[in-house]
Amino acid sequence: MLRNETIRARKRWGTARTITLTSDQDLLPTRNFQEATFQEADSLSAEVLEKKFWIKHKACHGCPVNCGKLGVVRTGAYAGTVVEGVEYETLALMGANCGIADYEAVAYANMLCDKYGLDTISTGNVIAFTMECYEKGILTKEDTSGVECRFGSSKALIELVKHITFREGIGNQLAEGVKRLAEKLGEKAEKIALQVKGLETPGYDPRSSPGLGLAYATADRGGCHTRAWPTSYEMSGKAPDGTVIDRFSTVKRAEIVKAQQDYGAAVDCLVGCWFVRGTVGKELYAQMLNAATGIEMTVEEFTRLGERVWNLVRMFNVREGFTRKDDVLPQRFLNEPLPSGVAKGQRLTKQQLEQMLDEYFTLRGWDKNTGVPTKEKLKELGLEFAVLQ
Ligand code: SF4
């Protein structure tokens with residue numbers, strides 16, 4: 001594994017290395033996804049963290065990759081802060097997405113989130129949403145308990161993390177998440193709310209990665225980047241089977257996303273780390289599973305395992321009332337073209353999303369109109385018990 005160049009880079013730089021790449025590629029959420037290039041991304045880079053912040057590598061038990069990093073803020077207002085990270089998603093959502101280039105403030109906010117049990121993606125997203133609402137006059141200083149919620153304000157970031165934790169003042173509403181807060185604030189706010197199925201969107205803008213738009217729309221738990229991440233194929237211009245694909249087209253995205261979702265679900269069953277699943281590969285995972293359990297599972301059966309999980313989870317969501325109508329994207333991704341960067345002018349139109357969904361449901365063997373797995377598909381996968389009566 002350590003001979004692989006990507007893994008070696010992950011070992012040295014952790015996930016933080018991604019921040020300059022996503023900024024250069026117009027993927028980095030910036031000021032509540034108003035842009036996808038952050039002019040000050042270099043200040044949050046892995047190079048800066050390595051030089052000024054990290055003191056040692058950290059690994060999950062037995063992993064030779066050690067992609068985790070432990071850091072200490074050495075000077076300034078947050079001196080003495082010790083935190084594991086700062087991971088890419090935190091730099092993206094609590095840094096660039098809040099317009100903040102001060103890694104020490106982001107590290108401090110990260111430490112508070114860890115201590116208080118807050119997710120840094122959702123927290124960063126809801127704070128950035130609050131900042132945009134404030135700057136657009138949807139929220140006033142009275143609403144925000146006196147906090148000047150402006151992009152770039154480290155003070156606001158930290159104050160709001162504390163308010164959310166203790167549900168004080170505006171924090172009581174922010175703690176409900178972007179979806180509920182936007183519904184309360186009205187139509188103007190809903191237009192700038194970045195969430196899918198109630199989960200705040202993570203650190204990649206799908207306007208410059210259409211396949212990721214499909215992945216967010218169809219992810220079982222909402223706007224999540226860990227179920228499928230077709231972005232690397234889109235940036236390389238080549239699908240897994242070698243077919244040349246245009247980065248901004250929707251060609252083959254349904255196929256790529258479905259395959260990644262199924263494979264990822266199978267690896268999740270093994271409690272495998274998703275950072276190395278591309279390097280390990282399904283053949284080796286199937287071999288390891290067989291060696292550990294005595295089961296004789298073929299590579300095809302291993303992949304099928306993931307497909308069964310994906311169908312079962314979909315049926316769980318269907319039972320809870322979710323169908324194709326919920327496989328949507330935030331209005332900003334569909335209606336507002338990116339204003340700058342290499343993907344300037346790009347957006348993911350509703351028509352493109354609907355076309356990818358049609359292809360995706362067809363590939364999955366689900367009803368195209370409702371997005372519900374068909375009886376035939378469930379029977380084929382041995383999931384008859386999940387058919388709704
Ligand atoms: S298991 Fe995964 S997350 Fe943990 S150190 Fe290894 S590569 Fe990093």
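The model I examined is predicted.

**Entry 1. Salt bridge R332–E132**

I looked up the pair R332 and E132, whose side chains meet in a salt bridge with an N to O distance of 2.8 Å. R332 belongs to helix α16 (residues 331–335) and E132 to helix α6 (residues 120–135), so I noted a link between distant parts of the chain, 200 residues apart. I then checked accessibility: E132 is at 1% and therefore counts as buried. R332 is likewise buried, its relative accessible area being 1%.

**Entry 2. Salt bridge E234–R253**

I next recorded a salt bridge between E234 and R253, with the closest N and O atoms 2.5 Å apart. E234 sits in helix α12 (residues 231–236), while R253 sits in helix α13 (residues 253–269), and the two are 19 residues apart.

**Entry 3. Salt bridge R324–D358**

I noted that the side chains of R324 and D358 form a salt bridge at 2.7 Å, N to O. R324 lies in the loop between α15 and α16 and D358 in helix α17, so this pair ties together parts that are 34 residues apart in sequence. R324 has 13% relative accessibility and counts as buried; D358, at 28%, counts as partly exposed.

**Entry 4. Salt bridges as a whole**

How many salt bridges does the count come to? I recorded 30 salt bridges. I also found a network of salt bridges that links K258, D262, R304, E307, R364, K377 and E380.

**Entry 5. Packing of α15 and α17**

I turned to helix α15 (residues 299–319) and helix α17 (residues 350–364), which pack at an angle of about 115° with their axes 12 Å apart. The range of 65 to 115 degrees counts as roughly perpendicular, and α15 and α17 are therefore roughly perpendicular to each other. On the α15 side I listed E307, W310, N311 and R314 as making the contact, and on the α17 side Y360, F361 and R364. By class, the residues of this contact are three nonpolar, one polar and three charged. I noted that E307 and R364 belong both to this contact and to the salt-bridge network.

**Entry 6. Surroundings of the ligand**

Which residues surround the ligand? I listed A59, C60, C63, V65, C67, C273 and F275. The shell comprises seven nonpolar residues, with no polar and no charged ones.

Note on methods. Residues numbered from 1 in each chain as written. Predicted model: local features only at pLDDT ≥ 70, side-chain atom pairs only at ≥ 80, totals over all residues. Heavy atoms only, no water. Near = heavy atom within 4 Å. Nonpolar A, V, L, I, M, F, W, Y, C, P; charged D, E, K, R; others polar. Axes fitted to C-alpha atoms, helices over the stretch in contact; angles between N-to-C directions. Helix = DSSP H or I, 4+ residues; strand = E, 2+ residues; numbered from the N terminus. Parallel < 35°, antiparallel > 145°, perpendicular 65-115°, else oblique. Contact = heavy atoms within 4.5 Å. Salt bridge = Lys/Arg side-chain N within 4 Å of Asp/Glu carboxyl O. Buried < 20%, exposed > 50% of the residue type's maximum accessible area, 1.4 Å probe, protein only.
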